[in-house]
There are 2 protein chains.
Amino acid sequence: MGNTPFLDKLSSTLAADRLLTSLDECTTFATDWTKIPGRAIAVALPRATAEVQNILRLCSEFEVAVVPSGGRTGLAGGAVAKKGELVLSLSRMNHMGPVDAAGRNVRVQAGVTTQAVHEHVAPAELTWPIDLASKGSSTIGGNLSTNAGGVRVVHYGMTRKWVTGLQAVTMQGEVLELNQDLQKNNTGYDLIQLLIGSEGTLAVITEATLRLVRRPQHVMTTLLAVNNLPRMIELFANAIRKTGFDILAFEFFSSRCLETVKQKLNRQCRLSVQSPYYLLVEMEGQDSASLKTNVEDWLEEILGSGFVIDGAIAESSADKKQFWSLREGITESIALSGPVKKYDVSVSVNKMAALIADVESFLSSHNFHFDLYLFGHLGDGSPHFNLLKHSKASAEDFEKDATLFESRLFELLKNCSGSISAEHGVGLLKKDWVTFSRSAAELRLYHSIKDAFDPKGLLNPGKIVDPQK
Amino acid sequence: MGNTPFLDKLSSTLAADRLLTSLDECTTFATDWTKIPGRAIAVALPRATAEVQNILRLCSEFEVAVVPSGGRTGLAGGAVAKKGELVLSLSRMNHMGPVDAAGRNVRVQAGVTTQAVHEHVAPAELTWPIDLASKGSSTIGGNLSTNAGGVRVVHYGMTRKWVTGLQAVTMQGEVLELNQDLQKNNTGYDLIQLLIGSEGTLAVITEATLRLVRRPQHVMTTLLAVNNLPRMIELFANAIRKTGFDILAFEFFSSRCLETVKQKLNRQCRLSVQSPYYLLVEMEGQDSASLKTNVEDWLEEILGSGFVIDGAIAESSADKKQFWSLREGITESIALSGPVKKYDVSVSVNKMAALIADVESFLSSHNFHFDLYLFGHLGDGSPHFNLLKHSKASAEDFEKDATLFESRLFELLKNCSGSISAEHGVGLLKKDWVTFSRSAAELRLYHSIKDAFDPKGLLNPGKIVDPQK
């Protein structure tokens with residue numbers, strides 16, 4: 001695939017098992033969950049930071065572009081190599097250090113999975129609070145590069161809140177050893193936060209010191225049927241300020257989502273009542289007895305309100321699993337039903353009802369060849385608009401309609417200061433829309449920052465923003 | 001004071017009540033709690049973002065340097081105008097918007113005090129979790145510019161975790177409207193986090209959307225006497241992972257601190273036992289009954305351990321106030337005793353006992369003209385080393401000894417990857433030591449970032465790093 005001098009030098013620098021060059025392997029590593037077709041010159045799989053330094057120095061010397069790569073579970077194309085770049089996969093850098101219980105942190109290499117971290121720190125009664133559907137595959141380096149969210153954001157916030165230290169390598173081959181395990185270090189600009197969410201365009205994250213929290217032990221899960229979206233948001237605003245429990249998750253889905261999960265995945269729902277929306281609310285208590293009392297009191301209160309028309313508490317871990325299976329089965333059940341377009345966006349919580357009403361009124365005034373499946377993280381203002389093609393519609397009509405829908409959705413988001421990307425970043429897929437969420441002044445600063453870290457523009461080129469002329 | 005064309009243009013641009021030019025006023029606004037002598041050409045006191053834009057554009061045009069200024073409670077000199085700069089005080093920008101209960105946020109102008117925010121949001125059962133001794137004077141703009149900490153960091157973390165959106169004005173007069181009230185917006189580099197902690201060197205913060213949390217309602221405060229520092233850290237590591245309560249504060253002080261507070265401020269301590277260290281631990285529960293049980297159980301457990309030799313629970317709000325007055329009176333009581341040097345540093349929690357032992361062994365091998373008063377935030381790894389001059393020592397001997405102590409302390413911090421500044425930033429006072437906490441590669445990136453925002457170097461010049469030649 002060309003550039004023999006570079007590949008010769010690279011293979012003489014790296015041990016043989018650190019380099020893949022077959023077309024099959026290159027093609028696999030060049031793409032992610034977006035399935036955008038990729039093309040890579042080779043795949044480097046270093047095991048140590050020093051190897052990452054050597055690889056990046058060589059890329060700088062030969063002016064070869066590099067795409068850093070983790071679990072490749074992204075949905076914006078941030079890890080796709082489209083133009084024959086070198087894929088630099090961190091997946092073999094999966095060492096984890098001992099848990100520091102007093103400092104509540106753990107040092108890990110970038111290639112460990114989210115789930116591996118959870119399992120590693122659990123015996124110390126601690127957890128890393130980022131919890132994702134893809135946790136078995138997604139890696140820490142990728143989580144940090146995209147500032148991942150997940151189902152616990154309502155309580156814990158995004159990934160960037162849970163990183164104490166970072167080690168990263170620049171295109172010049174320099175190691176930035178940022179902050180290590182200090183909780184307080186106010187000596188200049190926070191480069192850690194600049195690298196988090198930068199989608200591998202500034203430096204390659206090789207290690208991180210993750211901030212841990214006490215592992216939730218007393219947790220209760222409820223399922224609620226609600227007849228009204230604005231009231232559902234009111235319910236959230238009141239519940240989140242109540243003492244008696246901490247809300248760990250506040251997820252919603254429409255009746256269409258529930259019906260599809262029940263049918264396609266043959267799952268049962270404890271609530272038999274029909275309702276436009278359902279909520280899955282998970283609560284943490286400090287001891288099990290008072291948690292139970294406090295949750296039951298709350299449920300009694302809201303069931304008397306008129307807009308929560310039914311509710312159930314998970315009485316066993318099997319119940320809890322079943323409740324979550326309804327929420328977590330949505331993506332799979334829709335995928336089993338036909339072609340889908342997904343829009344994972346965000347808006348201020350108190351503007352969410354208005355946004356959804358606007359989307360629904362737009363849909364009702366058109367005769368689109370798809371159905372809307374609406375679900376997401378209510379507490380974060382993060383709805384997922386999924387479009388499922390009508391079974392008899394043509395692929396062309398679906399594409400055309402989805403494009404129209406997308407433009408309108410992004411326009412609505414722009415008007416209410418929402419974001420076109422709540423998760424997964426900009427990558428390749430959302431680049432054309434970045435000006436809807438970022439101003440010209442911000443983009444100018446992005447270019448300057450990019451130039452400061454990567455003056456030759458070799459690191460994950462074309463992601464977030466295109467190189468300046 | 002010179003530069004008449006600039007001042008003429010400025011006074012024609014601003015309303016008369018927005019500009020101070022008397023020597024007295026200029027001198028007052030040119031310094032902060034460090035008392036470093038300051039000198040300012042004038043003080044501008046805008047009330048709106050558009051006025052800040054006009055002022056900064058004019059400064060760019062006339063190449064006049066600007067020092068942004070808040071409550072001037074900093075202890076590193078970050079708000080000191082030393083060279084006849086224009087002081088841009090945000091103190092009159094003190095409007096607060098309505099509380100958004102569903103989004104758990106509030107929009108405020110940069111000049112409001114921390115305490116005003118707390119009082120504004122309390123009726124909604126919410127709080128902004130940054131709690132500082134200087135909260136009556138310190139402003140939001142200053143808190144953000146220095147990434148302030150305070151007594152609740154062990155539970156909530158630093159200021160940067162509690163900011164959702166930011167409005168800032170660049171030296172070019174452009175308004176950066178960053179993120180507003182979105183909890184998720186993964187579309188590019190996080191300029192909010194870059195501005196937080198940048199000590200007013202990149203842009204002037206004019207407004208912020210602050211992230212709020214439920215206001216703690218069930219709180220218990222305990223005072224413990226502990227006979228051993230490493231065991232005290234073990235105690236923390238175990239307590240922080242216990243369910244039954246959340247730890248809001250975990251503060252420590254030496255017996256010398258306690259004795260001075262009792263003598264100088266005539267305060268009582270419920271614990272009569274003599275012990276090398278004391279702990280003030282504050283805990284939050286979800287309801288008062290279970291909190292009481294859980295705290296009492298814990299106290300019984302640790303009192304049986306052999307290294308917690310006495311303990312008391314605050315039974316009333318008067319008790320609680322009294323417990324806190326012992327911790328919060330330390331700074332005042334030492335100041336009443338003579339000249340003091342203060343070192344507010346940080347280290348990994350699990351290295352704190354070793355650092356303190358090294359400092360004590362250094363002290364014992366010298367015949368210094370001061371006594372060490374040791375206290376601080378144990379849970380954050382943030383000890384405060386205060387040096388009080390011996391009453392009969394000369395100022396010169398004290399200065400000489402303190403300089404020697406400072407070098408050794410910073411050297412020890414460097415060796416254990418600690419930070420020379422846990423709070424207040426680098427400002428003017430810690431600039432010479434910044435290389436102890438930051439590498440050459442980091443500092444090069446700082447310069448590039450500074451150039452991207454402020455190419456003429458007019459914004460708070462000489463803070464954090466000196467301009468490059």
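## Report on a predicted two-chain model

The structure holds 3 cavities of 30 Å³ or more. It is a predicted model, and every value below is computed from it.

**Relation of the chains.** The same surface serves both copies, since 100% of the contact residues of chain B recur in chain A.

**The second largest cavity.** The volume of the second largest cavity is about 820 Å³. Its lining comprises 39 residues, and those nearest its centre are H155(A), Y156(A), H155(B), Y156(B) and D246(B). By class, the lining divides into 20 nonpolar, 7 polar and 12 charged residues. Several elements each supply at least two lining residues: in chain A these are α6 (153–156), β11 (213–214), β13 (246–254) and β14 (277–285), and in chain B they are α6 (153–156), β11 (213–214) and β13.

Which residues of α13(B) are buried? They are M352(B), A353(B), L355(B), I356(B), V359(B), F362(B) and L363(B). Helix α13 of chain B covers residues 352–364 and reaches 18 Å from its first C-alpha to its last, close to the 18 Å expected for its 13 residues at 1.5 Å a residue. An α-helix has 3.6 residues a turn, so residues three or four places apart point the same way. Within α13(B), the buried set includes L355(B), V359(B) and F362(B).

Helix α16 of chain A, residues 440–453, has 14 residues and spans 20 Å from first to last C-alpha, close to the 20 Å expected at 1.5 Å a residue. The buried residues of α16(A) are A441(A), E442(A), L443(A), L445(A), Y446(A), H447(A), I449(A), K450(A) and F453(A). The cover over these residues draws on both chains: it includes β9, α7 and α15 (434–437) of chain A, together with β9, α7 and α16 (440–453) of chain B.

**Positive phi angles.** Most residues other than glycine have a negative phi. Q180(A), which is not a glycine, has a positive phi of about 45°. Q180(A) sits in the loop between β9 (175–178) and α7 (191–195) of chain A, and is partly exposed at a relative accessible area of 29%. In chain B, N179(B) also has a positive phi, near 75°, and is likewise a residue other than glycine. N179(B) belongs to the loop between β9 (175–178) and α7 (191–195) of chain B. Is N179(B) buried or exposed? It counts as buried because its relative accessibility is 14%, under the 20% limit.

| Residue | Relative accessibility |
|---|---|
| E51(A) | 17%, buried |
| V151(B) | 16%, buried |
| C416(A) | 15%, buried |
| I330(B) | 0%, buried |

E51(A) is part of helix α3 (residues 49–62) of chain A. Apart from residues up to four places away in sequence, E51(A) touches L14(A), R18(A) and P46(A).

V151(B) is located in the loop between α5 (140–146) and α6 of chain B. Its contacts, leaving aside neighbours within four places in sequence, are D131(B), L248(B), A249(B), E251(B), W324(B) and H377(B). V151(B) and D380(B) are 229 residues apart in sequence, while their C-alpha atoms are 9.5 Å apart in space.

C416(A) occupies the loop between α14 (395–415) and α15 of chain A. With neighbours within four places in sequence set aside, C416(A) is in contact with V347(A), K351(A) and L355(A). C416(A) and L326(A), 90 residues apart in sequence, are 30 Å apart from C-alpha to C-alpha.

I330(B) lies in helix α12 (residues 330–335) of chain B. What does I330(B) touch, not counting residues up to four places away in sequence? The contacts are F253(B), C257(B), V261(B) and F375(B). Between the C-alpha atoms of I330(B) and F236(B), which are 94 residues apart along the chain, the separation is 22 Å.

Terms used. Residues numbered from 1 in each chain as written. Chains lettered and ligands numbered in written order. Predicted model: local features only at pLDDT ≥ 70, side-chain atom pairs only at ≥ 80, totals over all residues. Heavy atoms only, no water. Helix = DSSP H or I, 4+ residues; strand = E, 2+ residues; numbered from the N terminus. Buried < 20%, exposed > 50% of the residue type's maximum accessible area, 1.4 Å probe, protein only. Expected span 1.5 Å × (residues − 1). 1 Å grid on protein atoms, 1.4 Å probe; cavity = no way out; pocket = protein on both sides within 12 Å on 5 of 7 lines; lining within 4 Å. Points joined across faces, edges and corners; volume = space filled by probe spheres on them. Nonpolar A, V, L, I, M, F, W, Y, C, P; charged D, E, K, R; others polar. Contact = heavy atoms within 4.5 Å.
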